[in-house]
Amino acid sequence: MRLTRLLIPAFLVFSTQHAIAQANYPDRPIKMIVPLAAASAVDVAARIVTQKMADNMGQQIVILNQPGASGLIGAEAVARAEPDGYTIGGFNDSIMTMVPNLQAKMRWDILKDFDPVSLVATVEWGLIASNQASFKNAADLIAAAKAAPGKIDYSSGGPGSPQHLAMAMFASAAGISLTHVPYKGATQAATDIAAGQIPVGFQGLGTVATLVRGGQLKLIGVTTEKRLAQFPDVPTVSESGLPGFFFNSWFAILAPAGTPKGILARLNAEVLKAVGDPDVRRKLEELGFAVRSSSAEDLRAMTHDQLAKYERVIRETGIAKE
């Protein structure tokens with residue numbers, strides 16, 4: 001009985017301190033780990049959105065890029081961080097739902113080791129080619145690949161990256177064979193196409209829009225259902241060589257599992273407020289993003305469904321686990 005009397009005040013003190021900490025959140029800078037290369041599509045979007053969040057919250061949000069190992073290392077750093085709201089992750093859906101299906105062993109579980117905060121945007125995608133390549137659209141690439149099976153290289157941000165999955169799905173649907181050249185990040189994969197080292201690849205438009213507008217590489221197709229207002233002269237892949245082919249990816253924000261619900265709710269509200277700003281929305285849309293925030297519950301359901309989808313896609317396309 002005496003021990004109980006001692007414990008109750010201690011518990012009340014802890015609970016009070018915990019409540020005060022949440023009420024004062026954030027009272028120091030927040031760190032966002034992006035397990036992707038700087039200047040990749042999600043990194044670009046993260047910097048736009050978190051700058052507005054930081055302005056609104058009155059605290060700096062520092063982005064740390066931790067690319068490599070297809071995002072596994074950076075994601076683990078988020079999963080193992082203190083769940084206090086001061087370390088969060090800016091992930092694409094490759095890290096969340098593609099890579100886990102490609103690994104024989106995982107050190108973290110996307111559904112158990114993270115608390116969802118919000119979907120931020122979907123990333124529109126395009127088929128790009130070097131200026132030296134003869135391809136003008138998807139049909140040209142398919143014809144060239146059928147004439148020279150396995151002789152055409154394509155770049156990606158690494159095994160299991162969305163660049164890898166997009167081209168594997170494209171090649172499978174078209175009945176062609178291409179050679180995968182993985183890089184340590186999407187940015188390097190894109191710049192080597194611009195340099196003429198690799199002829200073709202799929203990329204998020206947020207990564208390559210500047211290169212396309214600068215004439216450093218060609219955008220020969222978009223993977224949307226309709227042509228994009230930003231690139232009205234570029235045909236969809238579906239209309240120009242592979243009917244029914246669509247692909248996009250996500251930018252979502254997650255926190256370590258166990259982050260207080262009040263802090264998760266505050267972060268969700270701040271994401272919605274930031275992407276609701278007309279200037280933020282304009283910047284994202286100009287780069288090929290479609291703004292699409294969500295509740296934490298909706299993001300968790302989407303993650304669950306996407307895991308199942310890519311398990312099926314990876315099995316059907318024959319991509320080997322590592």
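## Packing of helices α2 and α9

In this predicted model, helix α2 (residues 41–57) and helix α9 (residues 261–275) have axes that come within 9 Å of each other and cross at roughly 115 degrees. Because angles from 65 to 115 degrees count as roughly perpendicular, α2 is described as roughly perpendicular to α9. The crossing in which α2 passes α9 is right-handed. Two packed helices are described by the angle between their axes and the distance between the axes.

Which residues form this contact? On the side of α2, they are Val49, Lys52, Met53, Asn56 and Met57. These meet Arg266, Leu267, Glu270, Val271, Lys273, Ala274 and Val275 of α9. Sorted by class, the contact of α2 with α9 contains seven nonpolar residues, one polar residue and four charged residues.

## The nonpolar core

The largest nonpolar core of the model holds 106 residues. Within this core, the members that touch the most other members are Phe114, Leu127, Phe170, Leu178 and Phe202. Strand β4 (residues 114–129) supplies the largest share of the core, namely ten residues. In soluble globular proteins, nonpolar side chains tend to be buried together.

Leaving aside residues up to four places away in sequence, Leu178 touches Leu141, Ala145, Ile152, Tyr154, Met167 and Ala171.

## A cis peptide bond

Where does proline 26 lie? Proline 26 is found in the loop between α1 (2–23) and β1 (30–34). The peptide bond that leads from tyrosine 25 to proline 26 is cis, and its omega angle is near -5 degrees.

## Positive phi angles in two loops

Alanine 39 is situated in the loop between β1 and α2. The phi angle of alanine 39 is near 75 degrees, which is a positive value in a residue other than glycine. Is alanine 39 buried, partly exposed or exposed? Its relative accessibility is 38%, so alanine 39 counts as partly exposed.

Serine 70 belongs to the loop between β2 (61–65) and α3 (72–79). Serine 70 is likewise a residue other than glycine with a positive phi, in this case near 55 degrees. Is serine 70 buried or exposed? The relative accessible area of serine 70 is 19%. Because buried means under 20% relative accessible area, serine 70 is classed as buried.

Terms used:
Residues numbered from 1 in each chain as written. Predicted model: local features only at pLDDT ≥ 70, side-chain atom pairs only at ≥ 80, totals over all residues. Heavy atoms only, no water. Core = buried A, V, L, I, M, F, W, Y, C linked by side-chain atoms within 4.5 Å. Buried < 20%, exposed > 50% of the residue type's maximum accessible area, 1.4 Å probe, protein only. Helix = DSSP H or I, 4+ residues; strand = E, 2+ residues; numbered from the N terminus. Contact = heavy atoms within 4.5 Å. Axes fitted to C-alpha atoms, helices over the stretch in contact; angles between N-to-C directions. Parallel < 35°, antiparallel > 145°, perpendicular 65-115°, else oblique. Left-handed = near helix turned anticlockwise from the far one by under 90°. Nonpolar A, V, L, I, M, F, W, Y, C, P; charged D, E, K, R; others polar.
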